[in-house]
Amino acid sequence: SLNGKYKVQRHGLFVLCTSGDSVKVYSTRTEEWLHSLQGHTNQVTGIALNPANHLQVYSCSADGTVKLWDFIDGILIKTFIIGYPLFAIYVSEKHEGIVFLHIGFQLVAVHLPKSAEQEVEAKELSAVSSHISPNPSCTAFGREGQYIAFARNLQLNVYFFRKQKTYSFSLKATDKKGAKNAFTCIACHPTDDCIATGHEDGKIRLWRNFIHKKEYTYSTQHWHHNAVNTLCFTPEGTNLLSGGIESVLVQWQYGTGNRKEFLPRLGGSILHVSASSDGQLFCTSHSDNKITVIESSFKVCGVIQGLVKDAVLTDLMIDPRSKALVLNGKPGHLQFYSLLRDKHLYNLDIVQQEYIYEAGLDQFEVVKAAFDIKGYWLATVEERGQKSSDLEFFLKLWSYDERTQSFVLNTTITAAHTDRIISMCFSSSEETTMLVTIAEDGQFKAWCQGVDADTQQDQNFWSCDFVGSYHNLKPTNCSFSADSSLLAVSFQEVITIWSPDTWELLTTLCQPPGVIRDLCFGRLSCSKYLISTTTRNLLCCWNLLTCALEWSTSVEVSKLQSDPLSENVAAFSYQSKHTDLFVFKPNEPRPLFTHKNVCSEKIHRAVFVPREEPLNNCDESSQWLNRSQLYFLTQNMLVIDDSVAVTPFYLLLGKHRQQQQKLNTPSHQAADRPQQPQGSVTITELLHTPAHVLPPASVLCSMFVSSLLISNTGEMESSEQEMNSEKEEEDSEGEMEACDSQQELRAQGSVDEVTPKLSKAQERELKRVRKTDFSWMAGLIDSKP
Amino acid sequence: MASFKPTKVQFLPKLGEKVTEDTLYWKNYKSPVQIKEFGAVTKIDFSPLAPHNYAVTASTRIHVYGLHSQEPIRSFTRFRDTAYGGSFRGDGKLLVAGSEEGLIRLFDISGRVALRQFTGHSKAVHVTSFLSDGFRVVSGSDDLTFRVWDVPSAVELSSITEHTDYIRALAPSKLNPDLFVTGSYDHTVKVFDMRSGSSVMTMQHGHPVECVLLYPSEALLVSTGGRYVKIWDLLKGGQELVSLKNHHKTVTCACLSSVGNKLLTGSLDRHVKVYNSSYKVVHNFDCDASILSMAVAPDDEVVAVGMTNGVLSVRHRKHKKDKETLTSRRRRGPSYRVFVKGKNFVPRQDDFLVSKPVKQYLRKYDKQLKSFEVSKALDTALQTWTRTSKPEVTVAVIIELNRRGTLKNALAGRNEESLTKILNFLLKHIFDPRFSRPLLTVGDIVLDLYRQVLHQSPVVERQLQRLMEVLGREAELQQELLQVLGILDTLFASLTPRKEVAALAALPVDQGPQLQAA
C-alpha cells in the first residue's frame, strides 16, 4: 500500500512514499520497489527531503520520533526523539537544523540537536501556531522560507519569521452562489510572494500582497468541480499543478491567467502532487493505491500500483491459471494480484464504461465473480443502483484468450434474473462447464455454453439451460459437489439437492432453526459430506449417502471456506467481538486445529491459496497448511467517516501470539529462508557477522548457551504458540484515522524450535562483546605464513 | 492514462426468425415475375433436358415457357375441355396430358398436333405420366381406375381399380420402370408394381391425398393431403417417418429442390414452405393466391408457382455477377487497399521499431460525452437517421446519460421542436421491452420538467395524450398476458404427476458429537 506522501528526488530517480510504518523507495525509471526504510514503530505520517543534503530524508511518525535516512542505501542515520505523536513534517532551506512538526493542533519548530549519537532527544520546542488544520497539505513554506502559510477552515494565516507576526485573512463560509469556501490545501510560490489555496468548491485562489495586511488581493480561478485535494508549484514557479477527485491533473501557467493543460483519467482521485527538484518529473498519488510518474511534457511515464482495497465486494478468488488473487480493483475492474511475488499483475476491465469521477454518483461495480476449475471461464456480475429501487445488473462471461493472455468478453446477459443475483458457482468437474446463479427472485438458473438447435452449429456463447425454484422460497447459497454430479441449492431453511444431468430434485435436507448461510461439499475422501451453516448458530454435516445428519454443533459461523486441495474446511466464528478459527475435516466432528481470537473483527471473506510446493510439516497442528495458505479479510468499522474500509489480509500460518498492542518492526524475509531464532536483533546480528571478526567462540559460547537456557524458561509465561510477523503495515486514509492494519503473520515453524529470548542485560553484554575491536586479529591472520 | 471508453451500444438479439444458411439460400431469389394464364394453373413440369423449358397446364392449354422468357415458346391448345397434368418424358421430347373429357393426348414437343390419343377413361383424367422406360404412359382418372398405355401402339396395357375415390396424385419411379405410386381421395397412397399387376403397398394418409412425391433415392415417399404432409419410409414397409402440419389449409403440391433435396410444399393458404433435412421450416414464400402447383428447376434456378387466380409466379435465382454489376456501379470512395496499406507490413529482425499510437476514433455523441456536453450528445443521438434506423444507439446514449446522472440536464431547456422529437421517439419505442426501462425514466423526467409549460403547446399536449393511450393499451395487454400465464400455470400444475415429498421432508435431528469449541 502506497498511502501517504512521497517526494521525488532531485534528479527524479527515486520516489519515496510512506507506507504503513515504513517509507518505500521506488525507482521512477523501472517502477520497481528498491527498498524500504524501516525503523519506525508506528505509522509514518510525513517525509521531507533534508534541504541541506538531498540524499537524505526526514521522516516523522506517530511513534514520536523523527528519523533521518540515507534513502539511496536505505540506512538510518539518526533518530530524534520528540515524545509526542507527530502528524506532519515541514522543512525549509532557510531554517537549517530546524524542522517544523505537527503535534496535536500545534505547529512546533524543533531544533535538532547536533550530536554524534544515533538517538538524540530533541528538547528545544517552540510553538509557531496553536490553530492548525489537521490536514497536512494546509501548511506550506513561502518564498525562501520567509514565512509559513497555514489555513484552517475559513482562515488563512501567514506567519512571518522576521516580524514574528501572524496575519490572518478569512473568507465567508459561503458566498452568494452557495459555494463552500473552506480551505483544503495550500502551496506557496517558490520565488514570488504568492500563495495558492484550494477550496472545497473546487476554486483556486491566488493571494498576493499579503505582506501588507490591509491591501491584500486575491484572484480566483475555477475549474475543479469538487474539492481541490492538492496544489503544487513547479520548482521554477512557472506552473501550478492541482488535482482533485476528478482524477484530472491540471497545470495552470503562472501569471498568464487562465491558460491550463489537462491530463485526464489518471486513476483514482488525486491525493497528492509533487514535483522533482529539477522540475522534470511530476508525481501524483491516487486514492486507489497508485503512484503515477509524469514527465514535465505531461505524459505518463510510469505507474506504481499497489493492491487496491477500497471496497471488496467480490469473494476472494484464486485464478487457477496464474494462482493470483483476484478481487475488486479499480472501480469497475477486477485486479489480479500475485501473492507469491507481492505484485500487482493487471486489472481486467469488467464494466467497460467510462468512469465518471464524481462524488455520490451511483456507478456500476463488480459485485460477484467466479472462475471455473481450469481458469478458462470467468463469470462476473456488475450492479448499479444498490441504493435506489431500480437495480441494473449484468451477468458477463469471459473466456481466456491464450494469445493475449487475458480474459475476453464472451457473453453479456442483460436480464439474467428479475432480481439481484445472490451467488453463483461453476461446476467443478473438468468435462462440463456450467454456471449456476441464484437470485432474490426465488429462482436458480443453470447456464451452459451449448449447441444451438436451429443452426446445428457450435455456438460459443452461453445460454440458459434450466430454471429451477423451490416453493418460491428465496435461495441463499449454492454449491457443486467435487465431481459436479450434485448441485446443492439452499432455499431459506431447506437444502435441495439436484442432479445437474437430469435436473431432477433428488432430495431435500432440513434442520429447522435458522436460514442456511453457507454451503460446501467435502472434498476427496470426504466427498459424501455436505456442510451447512445457519444464521442460528448451527453447523451441520450431512451424509449424502444416507441423506441423514451426520453430526451438528452449535457454533456461530460467519464464514465457511473449504480447501480445494485437501479435505479441510475452515470455519470462522465471530462471537463477542472476536473471531475464532476452527479447521476440521467433515468426517469427524472434532476440529483439527483451533485458534482463538484470530482478530477482533468479523471475517467476511476467506480463501485458501495453494502453495507452489507443498510443505513437509509433520506437526499436527499446522499440517493443514501444508498444501495451501489461508487468507482472510475483515471489515473494519472503526473508520470515522462511516465509509466501510477493509482491513488487509491476515495471513495466518500456525498460531497466533497474544494481541500485540505495539506493532513489530517489519522484516521482509522470504518465507523459505532457513529457520533461525529471530527473537532478538542482537542474535541475528551476531549470526550474520563474518566469523573472522567475531571474538573467539570460547568467549561467546557460554553466554550464548546460557541465553538460550534462560529464554526457554522465559518462554513458559509467554504463550507456547509462536508466530513471527512477516509484514505488518498500517495505513490510514486521512491522517488521524488510523484504520487499516495489514498483517501477514507467519508461523515460526514447529513449536519445538523455540525462539531464544535475551534479557536486556545479556543483549547489552553481547553488544559490548561485538563492539570490542578484534581487528588486530585480522592482522595476525594476515601475517600468518 | 487510460483512453476514453466509448458508449457501449448494447447488442440486441434480432427479433423474428434466425438467419441460417438455408434462409440465406432461399432468400437469394429475385422478386417474382407474374405471368397471367387463362385459368387456374394446375400443373407445372420442367423438362429434364438442358434449356429446362417448362410446361404449364392451365385451363384448356398447355404453354411451354423458356427458362427466362415471359412469353410461351410453344402452346398446345387442342383441348376441348380443361387440360390436366401435362408432363414431360425423361428425354424431354414428348409431353403427355390428360383432360376433363377423359382423353389423354401425347404431343411431340416440336409439333402442334397430338401424336397419340389414348381413349378409355370414362371421367376426367387429372394425372398422367410416363413410366421411366419412356414407352408407357400411366394415367389416373376420376373413374377410380388408372391405366397403363403403350406409346407406340396406343393400346391400353392394363387397367387397375383399387382406389375407391378419385385419383389425384401419381409419381412414377425413376429407377424401376414398373413401379409407380398413386394417391387418391380415398385417403390412401398405394405403390403399384406392373409386374404383379396390383398394389404392393398401401399407406393410410388420413386425408384426401393431393400429391405424392418420391425422393431420388426412392426410399422416402412424401404424400400431402389435408393440412398434413407425411413422409413414409418405403424400405421399412411404408412406416410413417414424420407428419408435418405447418400449413393451415390443404397442402396441394410438393416438390424437391435439386440442391440438397430440400422439400417444398405449397398450400391453399398461399404459402410455400421450405423444409430442411430434419423437416423444420427454414423459409417461407408468400404468394397472392392459393397455390395449386409448383415446380423447381434443376439447380434451383427457378421456382415456379401456379395459383388459382391463373397467375404463374416465377422466381429466378440471383447470381453473383448480377450483384457485382450492382455494387460496381454503386462503389464510391477509396478502395479497400487504401485502408490496409502498410498494415500487414512485418518488421524485420534488426529493424528499429517506432510505434505510433493508434488514434481512437469516436462517434460524435461520444466526443460530446467526453467533453461533458450532455444536451448536445442527446441531440446527436436523436438525429433522424439514428433515431429511426438505430434506436439502440439512441437508447444507449440515454442509458449512458442516466448513468452519469445528467439525463435531467440533457432533457431540460428544450423547445417545442426538440421535445416533439423526444416524444415521438418515446411513442415509437416505449413499449419495446428492450427499451422500455430507460424510456420510462425519460418520460418521467420530461413530465417533471415541463409540467408547468405543457399547456402552451398543443402539439406536445396531443403527443402526451397519445403516449398515455399507448401506455394504457400496453398495461391492458400486460394484464391479459399475465392472466393467460396464470391459466397456463394451473394447467401445467394439474398435468404434472404428484410426487410423494412427505417422506423427504423433515429428517430426524441427530445431535452428533459437539464440535469442541473450547
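**Figure 1. Chain B in overview.** Chain B exposes about 28,600 Å², and carbon and sulfur atoms supply 55% of that area. The model is predicted. Chain B holds 11 helices and 28 strands. Of its 518 residues, 46% are buried. Take the contacts in chain B between residues at least 6 apart in sequence: 45% of them join residues at least 24 apart.

**Figure 2. A nonpolar surface patch on chain B.** The patch covers about 810 Å². Its residues are Leu482(B), Val484(B), Leu485(B), Ile487(B), Leu488(B), Leu491(B), Phe492(B) and Leu495(B). One of them, Phe492(B), belongs to helix H11 of chain B, residues 458–495. Phe492(B) counts as exposed, at 51% relative accessibility.

**Figure 3. Strand S3 of chain A, covered on both faces.** S3(A) spans residues 22–27. One side of S3(A) carries Ser22(A), Lys24(A) and Tyr26(A). The other carries Val23(A), Val25(A) and Ser27(A). The residues on both sides are all buried.

Figure 4. Strand S2 of chain A covers residues 14–19. S2(A) pairs with S3(A) in the antiparallel sense, over 6 bridges. Thr18(A) stands opposite Val23(A) of S3(A). The two strands form a hairpin with 2 residues between them. In the turn, Gly20(A) has a positive phi of about 65°.

**Figure 5. The hairpin of S3 and S4 in chain A.** Strand S4 of chain A, residues 33–38, runs antiparallel to S3(A) and is joined to it by 5 bridges. Val25(A) has His35(A) in S4(A) as its bridge partner. This hairpin has 5 residues between its strands. Glu31(A), in the turn, has a positive phi of about 60°.

**Figure 6. Positive phi at two loop residues of chain A.** Gln405(A) is not a glycine, yet its phi is positive, about 55°. Gln405(A) sits in the loop between strand S36 (392–401) and strand S37 (406–413) of chain A. Its relative accessible area is 46%, and Gln405(A) is partly exposed. Leu524(A) is also a residue other than glycine with a positive phi, near 50°. The loop that holds Leu524(A) runs between strand S46 (516–521) and strand S47 (529–534) of chain A. Leu524(A) is exposed, with a relative accessible area of 53%.

**Figure 7. Arg205 of chain A and its surroundings.** Arg205(A) lies in strand S20 of chain A, residues 203–208. Arg205(A) is buried, at 4% relative accessible area; the cut-off for buried is under 20%. Its side chain makes a polar contact of 3.2 Å with the side chain of His199(A). Not counting residues up to four places away in sequence, Arg205(A) touches Leu171(A), Asn181(A), Ile195(A), Ala196(A), Thr197(A), His199(A), Tyr218(A), Ser219(A) and Thr220(A).

**Figure 8. Two salt bridges in chain A.** Side chains of opposite charge can pair when their charged atoms come close. The whole structure contains 29 salt bridges over all chains. One joins Arg384(A) to Glu392(A), with the closest N and O atoms 2.9 Å apart. Both Arg384(A) and Glu392(A) are buried. Another salt bridge joins the side chains of Glu556(A) and Arg517(A), at 3.2 Å from N to O. Glu556(A) lies in the loop between strand S49 (548–553) and strand S50 (559–562) of chain A, and Arg517(A) in strand S46 of chain A, so the pair ties together parts 39 residues apart in sequence. Glu556(A) counts as buried, at 12% relative accessibility. Arg517(A), at 25%, counts as partly exposed.

**Figure 9. Salt bridges in chain B.** The side chains of Arg403(B) and Glu400(B) meet in a salt bridge of 2.9 Å, N to O. Both residues lie in helix H7 of chain B, residues 391–403. They are 3 residues apart, about one turn of the helix. Arg403(B) counts as buried, at 4% relative accessibility. Glu400(B) is buried too, with a relative accessible area of 5%. Elsewhere in the chain, a network of salt bridges links Asp133(B), Arg136(B), Asp178(B), Asp193(B) and Arg195(B).

Terms used. Residues numbered from 1 in each chain as written. Chains lettered and ligands numbered in written order. Predicted model: local features only at pLDDT ≥ 70, side-chain atom pairs only at ≥ 80, totals over all residues. Heavy atoms only, no water. Buried < 20%, exposed > 50% of the residue type's maximum accessible area, 1.4 Å probe, protein only. Helix = DSSP H or I, 4+ residues; strand = E, 2+ residues; numbered from the N terminus. Pairing = 2+ DSSP bridges. Patch = residues over 30% accessible without salt bridge, like charges linked within 9 Å, V, L, I, M, F, W, Y side chains within 5 Å. Areas by Shrake-Rupley, 256 points an atom, 1.4 Å probe, with all protein chains shown as cover. Salt bridge = Lys/Arg side-chain N within 4 Å of Asp/Glu carboxyl O. Polar contact = N/O pair within 3.5 Å; in protein donor to acceptor, adjacent residues only side chain to side chain. Contact = heavy atoms within 4.5 Å.
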